[in-house]
Amino acid sequence: MQPKTKVFIYNMLAFVVIFLTLRFSLLYFFPEVSHLVMVIIAAVLTSVLAPKFAIAHIDGKDQIKMKWIFMKGFKDIN
């Protein structure tokens with residue numbers, strides 16, 4: 001599998017897992033607020049909290065790197 005495909009899958013999986021967790025948690029704790037508002041809040045929070053995956057071209061090789069707000073620096077995924 002190409003690194004570009006792996007990065008896309010990693011980004012999608014991270015977003016989906018965090019989004020669904022936040023969405024159902026917010027709807028559980030605040031049932032009186034509109035569902036649309038909760039979905040928008042969950043999407044915004046997820047885009048801030050989700051780890052970001054990217055490809056870095058180092059020494060002629062493609063490496064997958066991860067950046068997350070809870071970690072310092074970048075982490076190699078390969």
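**Exercise 1. In which helix is the place of Thr-46? Then decide whether Thr-46 is buried or exposed.**

Step 1. Thr-46 belongs to helix H2 (residues 35-49). Helices are DSSP runs of H or I with at least four residues, strands are runs of E with at least two, and both are numbered from the N terminus.

Step 2. The model is predicted: local features need pLDDT of at least 70, side-chain atom pairs count only at pLDDT 80 or more, and totals for chains, interfaces and linings use all residues. Residues are numbered from 1 along each chain as its sequence is written, and side-chain values use heavy atoms, with hydrogens and water left out.

Step 3. Apply the cut-offs: buried is under 20% relative accessible area, exposed is over 50%, and partly exposed is in between (1.4 Å probe, protein chains only). Thr-46 has a relative accessible area of 0%, so Thr-46 is buried.

Step 4. Look for partners. Leaving aside neighbours within four places in sequence, Thr-46 is in contact (heavy atoms within 4.5 Å) with Phe-15, Ile-18, Phe-19 and Leu-22.

**Exercise 2. Classify the aromatic pair of Tyr-10 and Phe-53.**

Step 1. Recall what describes a pair: the distance of the centres and the angle of the planes. Rings of Phe, Tyr and Trp (its six-membered ring) pair if their centres lie within 6.5 Å; planes under 30 degrees apart are stacked, over 60 edge-to-face, and the rest tilted.

Step 2. The structure holds four aromatic pairs. In one of them, Tyr-10 and Phe-53 are 5.3 Å apart centre to centre, with 50 degrees between the planes: tilted.

Step 3. Tyr-10 is in helix H1 (residues 3-29) and Phe-53 is in strand S1 (residues 52-58), so the pair links distant parts of the chain, 43 residues apart.

Step 4. Tyr-10, at 31%, is partly exposed. Phe-53, at 14%, is buried.

**Exercise 3. Classify the aromatic pair of Phe-15 and Phe-19.**

Step 1. Phe-15 is partly exposed at 29%. Phe-19 is buried at 17%.

**Exercise 4. How many bridges join S1 to strand S2?**

Step 1. Two strands pair if DSSP finds at least two bridges between them. Seven bridges join S1 to S2 (residues 61-67), and the strands run antiparallel.
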